[in-house]
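Thanks for coming. Please have a look at the model on the screen before I start.

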Amino acid sequence: MQTPADRAYPAHWEADVVLRDGGTARIRPITPDDADRLVAFYEQVSDESKYYRFFAPYPRLSDRDVRRFTHHDYVDRVGLAATVRGEIIATVRYDRIDGDGRPAHTAPTGTGDGVPQEAVRAGQAEVAFLVQDAHQGRGLASAMLEHVGAVARERGIRRFIAEVLPANTKMIKVFTDAGYSQRRSFEDGSVHLTLDLEPTEASLAVMHAREQRAEGRSVQRLLAPASVAVVGVSRTPGGAGRTVLESLRAAGFTGRTYAVNHALDPSPDPDRVPDLGGAAAFRSVRDVPERVDLAVVAVPAAEVADVVADCGEHGVQGLVVLSADFTRDGQRELVRHARSYGMRVIGPNALGIMNTAPDVRLNATPSPRMPRRGRVGLFTQSGAIGIALLEGLHRRGAGLSTFVSAGNRADVSGNDVLQFWDEDPDTDVALMYLESIGNPRKFTRLAKRISVRKPVVVVKGARHSGSAPPPGHAAPASRTPAATVSSLLRQAGVITVDTVTEQVDAGALLASQPLPAGPRVALLGNTESLSLLTHDACLTDGLRPLPARDLTTAATTGDFREAVREALAEAQTDAVVVTAIPGVGEVPVGSLADALADAASGAEKPLAVVHLAIAGLDEALATRGIPSYPSPERAVRALAHAVRHAAWRRDAQEPGRVPQFDVDEGAAARLVARATRGDGSGEDAPGARTAHPAAARAARPTTVAAAEPGLHGSLPLGQAGTAELLGHYGIAVQPTLPAASADDAVAAARRLGYPVALKTTAPHLRHRADLGGVRLDVASKHQLRRAYADLTSSLGKPAELRPVVQAMAPRGVDTVVRAAVDPSIGAVLSFGLAGAPSELLGDTAQRLVPATDRDVQGLVRSLRAAPLLFGWRGAQPVDTAALEDLLLRVSRLLDDHPRIVAVDLEPVVVAPRGLTVLGAAVRVAEPPPRGDLGRRTLPAY
């Protein structure tokens, strides 16, 4: 028997999706109010499609059919509809069945949560689709299978069963191409398909590939329209709309342009079309007699809703909204309204878009200058930064392929543009200025895939503005520390830079030069002092400069040509930096640029030029594809980015492996399940006291879950539960015993064996040896009593200090291992050295879970304080192999158990042989739904 809650309308199933052709549709549960819409939809379906659905001629739906298809309990019987303009264009439904194929909702008993017991045992349902013929081939059935599959899993269904006529090859292909584990047979004249709904690597790969094609296509439609209407064009020059229209005409847009001004006077001659700014003008987009692919909206925010309706009814494919002054709710309504018509939105508060392709020549921005053709793609969230980057690229001679300034990015985001650039043959380098990342998990996934072939250079604005996105931005707040996000972006192959100047510098080199094979840099030029500065800059940025070659100020163009050619041919050289100042003789900049280009021709090593006070050389080199810089530091920094990116690509070819460990996953899962239910599994025995260093830690967090123990209703495991759970994964925790009195401390030491440590577990004193809360190497009961008395007399009463006794660990380096689930990016493994200096300097490193053996090797070595682990100043190196093993086990623990939201091991003392975990804490909670498993959706902020 279903509960009232189960019968309630499941609003969280509603979602907007991008279809194969780049248009959008809304998927939502079917309700009784859809009766008329369902009948109208069915009337638009061909007789052949009806036959395929019902296995017999079925010209119309009876009243009984309509009721059955619109009344659902949202547990055993579920129907979903895809809609555009409020009309149904496709449906899917499932009916739960038992093992004998009978409807499961007729079963008399249940589990108490609305799901019948027989259905739980069977866990299966029949599924069927129907897509309007005019919309077949758009990927609707595939998208709806993902969504109805996610709904079914939520309702305890693990298998779909489908009966399909052999002639219905399109629907058979939908099922067989989905990537799910499946079985197929031929019975009674139909194809019998059984699909296991648990996501697999294959199904996720299929989903991501479809997502890439659909989202990329949706951006491509915006960037390559055959016709553009500018809404809000004034009668006189000036204003955003008129300026955009002039930019379109000046760029030589190859399609049709229209001007829209609702205040135009009606023409007395219906055959005469008014003109505004050289384009045919109309009072409304609806009045345009031909198809409009893209509308640029430059009207006050209060008028945008009417414009969206006009565009939607006219069949416009996408909008660029320059209008500003939207509230967050206003932006949501704008996007909801546009998507209901199948349109995507760039903006609001956008600068616009550009496409330099010769067959498009689109400049839909107020900026009058069309960039030169090139291989750099540019995305910005700020119009002002976008203008600055366009100007910087122009000065450096780095041509543009496409440009998108998304403003508040209420709909189209950097993720969508990355999907487009992934397969865009005209883009080799992606530059992105981001002030917020709405979906970091997806962004890192996309960036990692794209960076293998195309460098992605990101400058992150608003890094120090806290968790909230910039005002007006349609992005969820994130509590993820900026350092963590940057670290994970670098792990995904993203080149992160601090300024837009540095971004342009890196983009100019990456777009015109091959990637270096290593860090060895040859230096040559006609100025020894400038070469020495370049040498120092190389050392600062981790490169390996070779001895500089001084050509003297008397060097000719021939001298430069031969020196560069020899340096590039040298086997010990990976890159060449040329330094130049005005020489003794007059050297034409064109001749010098020709000499350098001739020397570099055919070389597979990068060449960069640093020059001072040589007028015209920048432009001369840019036209020949050689980047130049006004200072050694900027040139070397750009080259260093290229060196590190090349190294990342080489590592990405061999990403490492996730080792298999002999762990008791089943026992750990049962313990975590009990603790999550709060049945006492996480409690310690009476009289015991939790002594986890992280249980009430006030130190600065690395991840969200570790920072806020109450987040998402998480529960702490007790000391015994924590030790047992970690023990199932081969992680031993040094026993800790409470010491409420001096006698208790002596008894505890007797059990553990001397020498011992006596320490407080009060939050304000934890890990603060400088405050006197720790006594080490206590060798006897007499010393222990004195230490206890001193501790309690100087710092407070035992009830406040909560002292504990622990056996001493072998001497080594104190470290901290943490792992936590961040809602926006997933599970993150972090590592750092223990102590205030590391926390103050933020010297921690992170990797995504599951981590490979190569990941943890890099994790350990990426700290600035890592030399302390490897024998700094003559100390004995510690057992980093044991440390890497521990990191891999913690990673495996979180990957195996989604209910574990945080693990803190602090401190972990790493000795020359082995390590000791002195403190541990674990928190558990019901995992939040994973938006990246099983269905594609557009974000709805």
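Predicted model: local features only at pLDDT ≥ 70, side-chain atom pairs only at ≥ 80, totals over all residues.

Residues are numbered from 1 along each chain as its sequence is written, and side-chain values use heavy atoms, with hydrogens and water left out.

First, confidence. pLDDT is the predictor's confidence in each residue, from 0 to 100. The mean for this protein is 88, and 90% of the residues reach 70 or more. Where does pLDDT stay under 50? One such stretch is residues 1–6, for which the model has 15 contacts beyond four places in sequence; a contact means heavy atoms within 4.5 Å. Residues 106–121 are also below 50, and that stretch has 28 contacts in the model beyond near neighbours in sequence.

Now the overall counts. The protein has 30 helices and 39 strands. Helices (H or I, at least four residues) and strands (E, at least two) are DSSP runs, numbered from the N terminus. Of the 941 residues, 55% count as buried. Buried means under 20% relative accessible area, exposed means over 50%, and partly exposed is in between, with a 1.4 Å probe and protein chains only. Among the contacts with a separation of 6 or more, 73% are between residues 24 or more positions apart.

Next, strands. Two strands pair if DSSP finds at least two bridges between them. Take strand β3, residues 77–84, where 7 of the 8 residues are buried. Which strands pair with β3? Strand β2, residues 24–29, pairs with β3 in the antiparallel sense over 4 bridges, and Arg26 has Thr83 as its bridge partner. Strand β4, residues 87–97, is antiparallel to β3 as well, over 8 bridges; here Leu80 is partnered by Val92. The hairpin of β3 and β4 has 2 residues between the strands, and Arg85 in that hairpin takes a positive phi near 55 degrees.

Another hairpin is made by β7 and β8. Glu187 stands opposite Ser190. There are 2 residues between these strands, and Asp188 has a positive phi near 50 degrees.

On to the cores. A nonpolar core is a set of buried Ala, Val, Leu, Ile, Met, Phe, Trp, Tyr and Cys residues joined through side-chain atoms within 4.5 Å. The largest one has 47 residues, and the members touching the most others are Ile353, Met432 and Phe443. Leaving aside neighbours within four places in sequence, Ile353 is in contact with residues including Leu222, Leu294, Val320 and Phe403. Apart from this core lies another, of 45 residues, among them Ala827, Leu883, Leu888 and Ile900.

Then the aromatic rings. Rings of Phe, Tyr and Trp (its six-membered ring) pair if their centres lie within 6.5 Å; planes under 30 degrees apart count as stacked, over 60 as edge-to-face and the rest as tilted. By this rule there are 8 aromatic pairs. One of them is Phe54 with Tyr58, which is stacked at 4.4 Å centre to centre and 20 degrees between the planes. Tyr58 is partly exposed, at 27% relative accessible area. Both rings belong to one aromatic cluster, formed by Tyr42, Phe54, Tyr58 and Phe69. Arg53 lies over the face of Phe54, at 4.6 Å from the ring centre. The rule for a charge over a ring is NZ of Lys or CZ of Arg within 6 Å of the ring centre and within 35 degrees of the ring normal.

Last, the backbone. A cis peptide bond joins Tyr754 and Pro755, with omega about -5 degrees, and Pro755 sits in the loop between α25 and β31. The bond from Val849 to Pro850 is cis too, with omega near 5 degrees. Pro850 is in the loop between β36 and α29.

Is Arg409 buried or exposed? Arg409 is buried, at 3% relative accessible area, and has a positive phi of about 40 degrees although it is not a glycine.
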